[in-house]
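Have your viewer ready and follow along.

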Amino acid sequence: MSQRVTRSSRLSQGAAVLGLLVLILLAAAPWWAGRADMRLMGEIFLYLSLATLWNLLAGYAGLVSVGQQAYVGLGGYALFALTILAGVPALWAIPLAGLLGALVAVPVAALIFRLRGAYFAIGTWVIAEVFRLGAAQVSALGGGSGTSLPADVVRAMASGRDAREALAYWLALGVAMAVIGLAFAILRSRLGLALMALRDNELAARSLGINIWRTKFIVYVATAGLTTLIGALIFVQKLRISPDAGFSVNDWTAFVIFIVVIGGIGTLEGPIIGTLVFFALRETMADMGSVYLIALGVVAIVVMLRAPAGIWGLIRARTGAELFPISHRVRGTTTKETADGKKA
Amino acid sequence: MDWINAIVQGTLLGGLYALFAAGLSLIFGVMRLVNIAHGDLIVLAAYLGLTLSTALGIHPLLALGLVVPIMALLGYALQRGILNHTLGDDILPPLLVTFGLSVILQNGLLEIYSADPQKLQAGAIETASLRLGELALGYLPLLMFAASVAIIAALQWMFYHTALGRAFRATSDRQDVAQLMGLNRAHVFGLAMALALAVTAVAGVFLGIRTSFDPSIGGGRLIFGFEAVIIGGLGNIWGTLAGGVILGIGQSLGAQINPGWQVLAGHLVFLAIIAIRPRGLFPRMDG
Amino acid sequence: MPMSEPILAISGLDAHYGDFQALFGVSLTVEPGEVLAIIGANGAGKSTLMRSICGLIRNAPGAIRFRGEAIGGLRADQVAARGIALVPEGRLLFASLSVEENLIIGGQMGRPGPWSLARIYELFPILRERRRVPATELSGGQQQMVAIGRALMANPGLLLLDEISLGLAPVVIKAIYEALPGIVGGGMAAVIVEQDIARALSVSARVYCLQEGHVALAGNSGDVTREAIAAAYFGM
């Protein structure tokens, strides 16, 4: 009897082909979609990226942060500071912001990793508040009321408004694909194996020689850098920043958490489904303002209590489907064996 | 003189922060739950105080007689109805569910009361003050500080000298064995949350008398309470008071330097303390 | 075999520990006032049986009946309120409570009966001396006294003793077993899980041997032979 351990299934191979086709279609959007639709899709990609990163942090590394707005805001402010104060072209300022975010995350992690479990979560929020209040003190960037990206900086990005919108769209699409690809690669790497071992049993993982602190540190710094980069991209689209907008806990953390929880925490598919559900709800209910937010909160609580694996967890429990082949499966076995070794 | 005044005012403010912290500390101590909606529950209590004192035409401090039992009942119901179902080895469900509650409360208050700032009117006592040389101590801040100290002393006494406190400590030690003693964990947790929200009710009404409030300020109050808990050291109720006072003094000294630095200075004091003593100044319990 | 109504009747109990089935169709009875011993190798299901009886593991309601009432589906605190007390393996005292508080909380349901703080102190005088000390600062033997006292304070109709000699010095074990006759009797029945087979047989009227989750042997403690026990113990 021949056995083969593989990760991919026929479904995941099919999903890959379909995914490629969708990707080509999406990349061509500037030729078929209107400006408003493209803006919406760009926003969807950026939220998808934020959700994937938060999921990596909370769902895989067990670092439940409610302060990722610290890095979104930092990215936005880094973009404005680099372009306005240092004269760096906007396209260069975006990766530089990401680098800066990762650098800033190093001392931040050293500090807040001293807080355990749930207290870590609130510690991340304190950091975000410190950043927000700090940004309000920077009078060169408008202090508490914020500032706009100067017209010449915006104009220098691309020739004409259509070209700029297409560029922002492609950047958002590219970042989303890169973030998902990176998350996928991390989870299949040694680091990913360490994360899954940690998630299943921290004590056992430690006895296997996994350095918990370093593993979590790497994930924290990497997600912080990428979140900062996404923050810069978000404010390239928005063209205006203020401390309250940049460091908004609702916009950059609450929505992201709801997306991941509703879609399915701890899976790569979850944030994708969650993002689609979130935007479907938002586009139909956005006029209802705070009622919409209340509904979102209720849905998230119900999902957490009744179906903690989220929508994707429900789908997977029914069908065993896996679009991103991360878990290992044994191929070629013709008989199943029960736990006590008897042939079933 | 300004600096001494800042320290005294900061100390009085710290009493309020200790009240924000006491409820958080109690429920963390009994059931290891960190309630992200805690700040929004403080704000809810302030709005309850507003509605009741205006509807009944009574003084907000008198309204406490209703706000406290209402919040306690709400706490019991919340714990039995929702939060008990989130408790376990995994920290994600309680965090995410209370985060969801926070968003619901905040937006619910926004729907009902709008985003306009409100304030509880306490009448003449708001401006009356005791003069000590050049220091002017408002009667109201003094009264609130005394009440905070008294509430914290009562909590401490309850925890170590009553059957309820014994049940809290036993359940905190070993939930399964406490169950064998005939203590229903779900009920004990419900009582802990009821007590925590009763304290929160006082904190909310005091907050509303001291400053104006709107539905969005809950997150900030959660953070102040949390900072006081960590500065004081986990599991130490008197430490929580010390933590609140240190935070209050840090904030008022920051404001003395630059009015824009009040809250920032408090956060920096907190970060400095976790850098130097990550278990807080007077720890008693493992986090 | 006694013909009176049993105080505890277990019939066809299947118990699960997570995904793992630990008990398969276990049936046994405990008569009023009797001491029953349960023996078996490690992993035979003894502790699972104890945890099932006291409600820490929930089961089919009718599988466990106490004084005729189906209690298999009740929570541990509901079972405790009906008069079943467990001295758990490893003692599991409350570390934040003093010796006296550990005893008091054992009696917090206020069930009437012969046991009171004063009588526990009479039984174990050393505990009176050390009543203000945090319970987990006592020696192992003294902690076991607190654990037994804590269970007795509930004035139970049925006392479950799970591996009470585990990790204790032989002279301490002897002292505790010498106190046992003064504890059981007076209407209280007891189920005792014990590694030391000779000791288990000497204190009990009847014995059950569990093997891989099944009852492999049941009999009067005075009558069972070493061979029968060896066979039931190891499945030979």
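What percentage of the 287 residues of chain B count as buried? The value is 59%, where buried means under 20% relative accessible area, exposed over 50% and partly exposed in between, with a 1.4 Å probe and protein chains only.

A word on conventions before going on. This is a predicted model, in which local features need pLDDT of at least 70 and side-chain atom pairs count only at pLDDT 80 or more, while totals for chains, interfaces and linings use all residues. Residues are numbered from 1 along each chain as its sequence is written, chains are lettered from A and ligands numbered from 1 in the order in which they are written, and side-chain values use heavy atoms, leaving out hydrogens and water.

Back to chain B, which has eleven helices and two strands; these are DSSP runs, helices being H or I with at least four residues and strands E with at least two, numbered from the N terminus. In sequence order the pattern reads α-α-α-α-β-β-α-α-α-α-α-α-α. The C-alpha trace of chain B spans about 60 × 50 × 35 Å along its principal axes. Its radius of gyration is 19 Å, which agrees with the value near 19 Å for a compact globule of 287 residues; the radius is taken over C-alpha atoms, and the rule is 2.2 Å times the number of residues to the power 0.38. Of the contacts (heavy atoms within 4.5 Å) in chain B with a separation of 6 or more, 76% join residues 24 or more positions apart.

Now zoom in on helix 2 (residues 38-56) and helix 8 (residues 185-210) of chain B, whose axes come within 7 Å and cross at roughly 65 degrees. Axes here are lines fitted to C-alpha atoms over the stretch in contact, with angles from 0 to 180 degrees between N-to-C directions. Residues making this contact include Ala45(B) and Gly49(B) of helix 2 of chain B, and Ala201(B) and Gly204(B) of helix 8 of chain B. By class, the contact has nine nonpolar, four polar and no charged residues; Ala, Val, Leu, Ile, Met, Phe, Trp, Tyr, Cys and Pro count as nonpolar, Asp, Glu, Lys and Arg as charged, and the others, Gly among them, as polar.

Finally, look at the neighbours. Chain A has 16 helices and four strands.
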